[in-house]
Amino acid sequence: MIYLASFGGVSEARVQLVQRVIGQFYGLPVRRLPTQRLAAAVQCPVRSRPRAAMVLEQLQALLPDSTNGKIIGLTTQDVEIKNRRQPHWGVMGLANDIGGDACVVSTFRLAGKTNRLRKVSLHEIGHLMNLPHCTAGTAYCFMNDARGRGAVVDRTQERLCPACRARMEW
């Protein structure tokens, strides 16, 4: 089961789109949760934007105890991660781990493009389904690491390369 939670500001049309795309591609039921509010504690005091890792913790807390489900959160706010060179790196999305149980997608860096939202959502759920970034060098595979560039997402398609498809587990 995939659970879908949106944080205030994401349009109903976008939430429905992500629900439909994930359900169709992965063939799993997608259950919507009530609209959420980002906890004040997730805000970075330096950049005043949500820290993705803390958003993932908030999402994990929404998973029912009796399930081994996965959860995706959608937000319009710019989310950031800490990396070695830039401690406040804005991202399109983040999963808590390969095979983990939570991911978040931010529409902030998607330039309003519905196709980007679709592919980034599939990409982040892919991580939860045990898929690492694509190493086959196939430009169309949505599991390619975008490295923060929308143009990379634009080149991908809503499909996996044969190598990534073979790795997919659930």
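Guide: Welcome! Contact here means heavy atoms within 4.5 Å. This is a predicted model, where local features need pLDDT of at least 70, side-chain atom pairs count only at pLDDT 80 or more, and totals for chains, interfaces and linings use all residues. Residues are numbered from 1 along each chain as its sequence is written, and side-chain values use heavy atoms, with hydrogens and water left out.

Visitor: Leaving aside neighbours within four places in sequence, which residues is E124 in contact with?

Guide: Start from helix α3 (residues 114-128), where E124 is found; helices (H or I, at least four residues) and strands (E, at least two) are DSSP runs, numbered from the N terminus. Beyond those neighbours within four places, the contacts of E124 are G93, L94, A95, C103, V104 and V105.

Visitor: Which side chain of opposite charge is nearest to E124?

Guide: Lys and Arg count as positive and Asp and Glu as negative, while His and the chain ends are not counted. A salt bridge needs a side-chain nitrogen of Lys or Arg within 4 Å of a carboxyl oxygen of Asp or Glu. E124 is buried and has no salt bridge, and the nearest opposite charge, 12 Å away, is R109.

Visitor: Why is strand β1 (residues 2-6) largely enclosed by the rest of the structure?

Guide: Buried means under 20% relative accessible area, exposed over 50%, partly exposed in between (1.4 Å probe, protein chains only). I2, L4 and S6 cover one side and Y3 and A5 the other. β1 is largely enclosed because its buried residues number five of the five.

Visitor: Which residue of β3 stands opposite A5?

Guide: Two strands pair if DSSP finds at least two bridges between them. β1 and strand β3 (residues 70-75) are parallel, with five bridges. Opposite A5 stands G73.
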